[in-house]
Amino acid sequence: MLQLKHIHHIAIICSDYKKSKQFYTEILGLKIIREVFRHERQSYKLDLALNDNYCIELFSFPNPPARPSMPEACGLRHLAFAVKNLEQTVAFLKSKDITSETIRTDEFTGKRFTFIADPDLLPIEFYEL
């Protein structure tokens, strides 16, 4: 049996590196660990951390294919971040001109959540603790 410890990271390929870097660092507040431009691939790789835990690799590639559909395309469906106060989260996002979906309640846990989209329309969930 595998003895997995935890999720090491999630890799995201973006279409507009500057826009996505700004979203993940300035809006979501993730900390830059390392940023590298790989000349042979004409690609950036940005390593990001949340609360000092490495969690996301943000990549840029020339002309990446578009996501086939939203949100039920095969593969990663969404990223989810835990938050303490959903109203404060939604208000902050609104102040940055980011619209969230209507707040919903998880029928199994009774916890509230909402979604936004990153610059490439990747669904981002905020789940209230």
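Guide: In this predicted model, Ala49 is in contact with Leu30, Lys31, Ile33, Tyr54 and Cys55, leaving aside its neighbours within four places in sequence. Ala49 is found in strand β3.

Visitor: Is Ala49 buried or exposed?
Guide: A residue counts as buried when its relative accessible area is under 20%. Ala49 has a relative accessible area of 3%. Because that value falls under the cut-off, Ala49 is buried.

Visitor: How many Å apart are Ala49 and Ile32 in space, C-alpha to C-alpha?
Guide: In sequence, Ala49 and Ile32 are 17 residues apart. In space, the distance between their C-alpha atoms is 6.5 Å.

Visitor: What is the order of the elements in the protein chain from the N terminus on?
Guide: The secondary structure of the protein chain comes to two helices and eight strands. From the N terminus on, these elements run β-α-β-β-β-β-α-β-β-β.

Visitor: In what order do the four strands of the open sheet lie?
Guide: The edge strands are β5 (79-83) and β6 (104-105), each of which pairs on one side only. The pairing within this open sheet is mixed. The four strands lie in the order β5-β8-β7-β6.

Visitor: Which residue of β8 is the bridge partner of Val83?
Guide: Strands of a sheet pair through backbone hydrogen bonds, either parallel or antiparallel. Here β5 and strand β8 (residues 123-128) pair in the parallel sense over five bridges. In β8, the bridge partner of Val83 is Glu128.

Visitor: At about what angle does helix α2 run to β7?
Guide: Helix α2 comprises residues 86-95 and lies across β5, β7 (112-117) and β8. Relative to β7, helix α2 runs at about 15 degrees.

Visitor: Which residue caps the N-terminal end of α1?
Guide: In α1, the buried residues are Tyr17, Ser20, Phe23, Tyr24, Thr25 and Ile27. The helix is followed by Gly29, whose phi is positive, near 80 degrees. At the N-terminal end of α1, a side-chain oxygen lies 3.3 Å from the backbone nitrogen of Lys18, and the capping residue that supplies this oxygen is Asp16.

Visitor: With which residue does Lys21 form a salt bridge?
Guide: Side chains of opposite charge can pair when their charged atoms come close. The structure holds eight salt bridges. One of them links distant parts of the chain, from Lys21 in helix α1 (residues 17-27) to a residue in strand β2 (residues 31-38), 14 residues apart. The closest N and O atoms are 3.0 Å apart, and the partner of Lys21 is Glu35.

Visitor: Are Lys21 and Glu35 buried or partly exposed?
Guide: Lys21 has 24% relative accessibility, and Glu35 has a relative accessible area of 35%. Values between the 20% limit for buried and the 50% limit for exposed define the middle class. Therefore Lys21 and Glu35 both count as partly exposed.

Visitor: Why does the salt bridge of Glu87 and Arg112 tie together parts that are apart in sequence?
Guide: The closest N and O atoms of Glu87 and Arg112 are 2.8 Å apart. Glu87 lies in helix α2 and Arg112 in strand β7, so the pair ties together parts whose separation in sequence is 25 residues.

Visitor: What share of the residues in the protein chain is buried?
Guide: The protein chain exposes about 9,000 Å², and carbon and sulfur atoms supply 55% of that area. Of the 129 residues in the protein chain, buried residues make up 34%.

Definitions and conventions. Residues numbered from 1 in each chain as written. Predicted model: local features only at pLDDT ≥ 70, side-chain atom pairs only at ≥ 80, totals over all residues. Heavy atoms only, no water. Pairing = 2+ DSSP bridges. Contact = heavy atoms within 4.5 Å. Axes fitted to C-alpha atoms, helices over the stretch in contact; angles between N-to-C directions. Salt bridge = Lys/Arg side-chain N within 4 Å of Asp/Glu carboxyl O. Buried < 20%, exposed > 50% of the residue type's maximum accessible area, 1.4 Å probe, protein only. Areas by Shrake-Rupley, 256 points an atom, 1.4 Å probe, with all protein chains shown as cover. Polar contact = N/O pair within 3.5 Å; in protein donor to acceptor, adjacent residues only side chain to side chain.
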